Amino acid sequence: MNTQNTPLIRQAEASDAESLAKLINLAGEGIPNWLWARACVEGQTPLEIGIERARRTIGGFSYTNALVAESHGYPIGMVLSYPITEAPTENPDDLPAPIAPFVALEKLSVNTWFINALAVLAEGQNQGFGSLLLASAEHKARANGFNTISIQVYAQNSGAMRLYERFGYSRVASNPVRLHPSPPYYTGDVLLLMKPLEGPAA
């Protein structure tokens, strides 16, 4: 990577909302777009719903919880992370089938720093952006006093699994996929991975 394109990891801003919406849909393998489509009113697009939600200052999918990898002046990747201090109260059986296994596993992530989503656009892949974002989320976790970090991933997402295992994440639990309505139509399991974090943030 040349010095003129040194990646910048920065706190996301409200003005990044469109990029964040596109990236979280990429991270979620199309499920965010499927969920947003269910919330659309006449004349509204799923992306517009996603942008609205990214601009909020509250909620898990808020720009305030995101770090952005910037290349050539625009966001090429992001990681969305925050603490889980209480178990979700929803019954997974009452939720849309694509997100049910994630909520079930989130109940096991209490008192960890949780990586909700990590994604890099196609043009930035295999250039180290994913590793930089993951390391930045771990730094943020330690800076906020957490000694364990967690993340969920489809077992069939071999590329993501290789990254997380290389960083020292281990499988803790799994829950069967109930429905994956978008390509690549994953089946199998959603995995909960965790990693202990040692030492203070540098």
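**Figure 1. Order of the elements in the predicted model.** From the N terminus on, the protein chain runs β-α-α-α-β-β-α-β-α-β-α-β-β, where helices (H or I, at least four residues) and strands (E, at least two) are DSSP runs numbered from the N terminus. The radius of gyration, taken over C-alpha atoms, is 16 Å, close to the 17 Å that the globule rule gives for 202 residues, so the protein chain is as compact as a globular protein of that length; the rule is 2.2 Å times the number of residues to the power 0.38. This is a predicted model, in which local features need pLDDT of at least 70 and side-chain atom pairs count only at pLDDT 80 or more, while totals for chains, interfaces and linings use all residues. Residues are numbered from 1 along each chain as its sequence is written, and side-chain values use heavy atoms, with hydrogens and water left out.

Figure 2. Of the 202 residues, 46% count as buried, that is, under 20% relative accessible area with a 1.4 Å probe, protein chains only. Among contacts (heavy atoms within 4.5 Å) with a separation of 6 or more, 70% come from residues 24 or more positions apart.

**Figure 3. Helix α3 and its cover.** In helix α3, which comprises residues 46–55, the buried residues are Ile49, Gly50, Ile51 and Ala54. The cover over the buried residues of α3 includes α1 (17–27) and α2 (31–39).

How values were computed: Buried means under 20% relative accessible area, exposed over 50%, partly exposed in between (1.4 Å probe, protein chains only).
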